[in-house]
Amino acid sequence: MLYRATRNRAFFRSVTVVVPPTWSGAHCSRQLNHTSAPMQEPALVVSRPHPVYAHTPWTLQVGGCGAPGERMHMTQEYLTARNQSESVGDAGRVLVQEWAKFRWGVMEEYGHLGDPLYPPYHRTSVHDHAPTGCSNIPVQGTPSSCDPQRETCHFIPSVSKNNGVTSSLLYMHFLPHVTEFCNKQTHDPKSPTKHNVLCQGRSAWEVMQRHSDFSDDRNLPGNSSRDVRPMFNYVKPAPKRFIIVVEDTTVMNAQKRWDFLRKAVRKLLVYDVPAASEVGVVLFDQTAYTKLPLTPTPSTLEDRQRLATSSLPRNPSQVPEGHKCLICGLDEAVRNLEGGARSAEGGIIIFITAGSHLPLQDDGIRELGQVVIEKRVRVVPVIYPVRDRNPEPAPGVEYLALLSGTQSFTVVDEGIGSDSKVSMMVSLMDALYSALRIFLPSANDLPLVVHKEEYRGGIMSVSKGSFTIDETLGGEVRFAVTYYDLGHVGNMVSLIDPLERVQENLNSQEEDGDVNMIFVTVHDAMPGEWNYRVENRADSHQSLFISVQATPRTPSGSGRMGHFPQLTGEAITLHAWTSQGAAPINSTRSDGAMPPVIVYAQVSVGGVSPVVDADVEAVLLRLGYNKTGSPYDPLTFKLFDNGNGDPDITKGDGVYSRYLRALEDTPARYTFTVRLTDNSGRAAIVKPTPSPAPMAPNSDFSYIENYVHQPITERGPRFTRALPYDPAAPHCCGSVVPYTNTQLTGKLSRAVSVGVIDVVGTTVSPGMTPPSRVADLRAEVNVATLQVTFYWTAPGAYRDHGVASHYEVVFSRDITAVAQGHGKKIEGWTDPLQAGMSSVHMMRWLRHDTVYFIAIRAVGRAGAAGEWSNVAEVFMPHPPTTTEIYTRGSTQGGVIGMGIGGALGELGTTTPQPGSISTRDILAMVGAGCGLLIIILLLAVYYIVVVGRRRRQHQEKQKNIEIVDCPPMSKTSGEGDPESETDSISKPPPPENMVAADITEVPATRSLSPVQSWPASKLLAEHERRQGPDESVDGVNPPDEMSPNQQQPQHLHIQQHHHPDLGVPYMPQPAPPHPFYYHTPNGHYIEDTLPMDGGSLVSTQPSESLLVYNVDTSVTESYRAPSSAAPTPVSWDGTTGRRSAPMKVPPPTLPKPTLPSHLTLSGSASTGSLTNERKRRNVTQV
């Protein structure tokens, strides 16, 4: 099947099956070869059922288009139930499908029920939907059209009507005649499949042809009659073989280097290498010799210690470093692996050598590499010690890690005079442990490190801390204290369990002076948070190191995990790597010649059940020291399992990924570590659904029933061998793993060392690197509000780090044009958020009954633009209540955009324009224009009629103003009526010695008083007219007729507290008439009995000189400060003619203008004053 699908260009020549090491010949009818496991990682593993996909085969893919997968997974039940296995399709075609994903990096070409990005149906026209997929001709089945946003869509292909369908194996692989992949001619780039989105519309065969298996005319088509049957080789793996190669030159003789090396190797042999493994030690200087032949690792501690004692000499040799022979040590290790007529293939060599100031020559590198390639061994270089202050990448033994698919590790020299820090020994122990972890990923073979902390000496007498034992661990917990000198550890080493009980461990402590460690071992440890206290007596330049290792909990162990047997005995593991492996990288290069580096971390149980919502953090630490002489600060960044498509392609699969952040300082060497925590209790293990879930429309992943618990023989009863497939079953992998059931992990902590990252090349500004691609753009249409909401994950300014500058958005009816960035632009899109955050943008969409496509890309701060996103589809059906103004061809319609928190604004430049205007559209536009003209005419009529009427009424009011002369008044007292607060001024009370005059009543309805309507100049003119030479008031002569010896009346002395109150508010209700007195220069009061019209009250700025004053021309100009005293005002009682009790406190008065000294406020004139001069009252403006 593979040979036919690849057009006679590829087939399986040989297959090696590695059976479990516990199997014997009785378990297998085939002949078993007892040899080492192959050097390469397995392509397919037989694992337990997936919690979601159950027994359906699936491939773990973490890279993008064209990137190979990690491994394929099949269950034992799927492989053994041959006939029933076809309920998920023909076994051969299923294998070819998964192999294409694993080997050539293609993706599935079918939709997923409830998937937000890859739906089972997609719109092909205004009224039609088609199944999501890729085939040479349309696949016939039911339903032929289904809207996934409104209903649950399961496409059931016809059994007898699809004989002409020959592709694609990534779609309907179970149809009887499907034997090909889609090529450029048969591919449908518009279908929203995962392959189309990630491969940007290229067909599967186009992607496969770029692989090294087919590029440059490799593996040309062969004869169709060629024998392509594979050869099977069944292997029972031999125990793992470890050879430790150690440099033995004078470089190791300085300070404590050799002593620390001996202790680290001893710790590896005694406590780390698993039982039943084989281990040997080789030393080299200018020659090489075997110190410890390849020997099985004993199972008892005493035998292991005895074995480690003879592993290294007490003192190093005196051979200069420059005479060392690297190839000699490598050859000697290979000879040990080949002993006993065995092959060296699969052997593991841990190569410990000092970092050299002189790089290896090309000949030396090629010679070392040739041994690795020919012998198929795996080498892990450990550079100890690194003596450069700022080490840089250089050709050396690190190249062997690249050839053998491993990692290299470094240990920085930390000498203090003739001494060394204990931290250097701990770093070497950690490097050797990490080298073993590459080949022993299971926690059953090598305990997991759950805690590690350094406590510097000379700071505090007791070092306190805590660590977490999660539900999957606790079978055996080993608490270790590493010291420089035994005297640095006091007598107190206490452990407190989660119930706050102190463990009595004084008698259970183990001391191993050969590795400088004190151990406390706890069996079947209680899950939860443990605390510890250790008496720290270390010197100020040394430290104590606390580390905790744990093994998985046994099935009979305590804890909640015992209730879930499928998880018992397997621990939560953290596995981290990079897309570049051990190769040097240039993270700032953006010319496309070197792909960007992606960091991956898989968190799972047994490599199958994902752990979701965990907090995963990558830590980069540059080796060396900065300009101030201090170590460099670590660089940290979070990893995401968000399924944004670039770089994380599937949400919820337990694989956290992100692009490596910009490393501007080049060349440089970094150590790379990944840390895991439970994210404040949110981390959870994906588990099978324990009970059937009811199917409900529009509920994501509600179709997952008890499918994962059903045996294959009980599934798909309505399907026969003619159609051996169940489309309702969940299939890998979509944009998100559709899990419905999880279990919290509780407290969780892990850390792994990935190795060394060498950064080379010329430094390039990160601003020149474009943002990552948006690959999860999707649109949701709300017909009721005519709104479209877009969702996507924000990229960064540099790949997926930082904040981009802005977005560019285009849309069109042509999906091909939009995918390439062509179309009308949308302005006013929401601003970018921090990389990795969920983004939302809302738009009003006023175009109906037409399918539009939208794409987006981010632009960095320096102008570098990312790739165009996946294409989102928008279809706004015509709402029944929408008027013709918003019809399909209306020019009034358009696109209105709104970012979250922003205002809607019409994007006129982006309004889609129709290709032609129909008659209905023309009528709609004409009607809209006529309606607008009618509205304008109505407004004009309203203006003419209403405004004109108001003007005529105003003119009539002006004509009806009646001027009434004030009759003589008698002497009275009191102020105006308290209800007459519509008067614009307050009336001063008459003097006490004034005799009351007859008051003539006037009607309640009266004209506007002159004091309310006349300006000050007119009032003054009227006052002068009334006080002319021929007039007198109340029988009193005018002031100019007074004799020179006549004294000024006392009542003319009006003090400051009698000034008018200008703060009386306007009252619209009319008040009854009341006497209103005006003070005249001759001392009498004039009564104003004119009717008041409160509605015509007009006020102006009041004058501050209302007080009566006399003109004194004999005095010199001087200034007198006005008095601030003011008594409480009183109200006028119209019935008694007297002032009543104080009514209210007047508002503050404005400051009065300062008067010259000859304008006296007292009212008395000096002896030289002009008595015949008219004394006038200053009238305020009202």
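Reply: Let us begin with the terms for placing a residue: helices (H or I, at least four residues) and strands (E, at least two) are DSSP runs, numbered from the N terminus. With that numbering, S168 falls in the loop between β9 (156-157) and α4 (194-198). Please keep in mind throughout that this is a predicted model.

Me: Which form does the peptide bond from S167 to S168 take, cis or trans?

Reply: As a general idea, most residues other than glycine have a negative phi, and most peptide bonds are trans. In the present case the bond from S167 to S168 is cis, its omega being near 20 degrees.

Me: Where does P647 lie, and what is the omega of the peptide bond that joins D646 to P647?

Reply: P647 is found in the loop between β32 (635-639) and β33 (655-659), and the bond from D646 to P647 is cis, with omega near 10 degrees.

Me: Turning to phi, what is the value for D524, and is D524 buried or partly exposed?

Reply: Although D524 is not a glycine, its phi is positive, at about 50 degrees. D524 sits in the loop between β25 (517-523) and β26 (528-536), and with a relative accessibility of 40% it counts as partly exposed.

Me: Why does S680 count as exposed, and where is its place?

Reply: The cut-off for exposed is over 50% relative accessible area, and S680 counts as exposed because its relative accessibility is 68%. S680 belongs to the loop between β34 (668-677) and β35 (684-687), and its phi, near 60 degrees, is a positive value in a residue other than glycine.

Key. Residues numbered from 1 in each chain as written. Predicted model: local features only at pLDDT ≥ 70, side-chain atom pairs only at ≥ 80, totals over all residues. Heavy atoms only, no water. Buried < 20%, exposed > 50% of the residue type's maximum accessible area, 1.4 Å probe, protein only.
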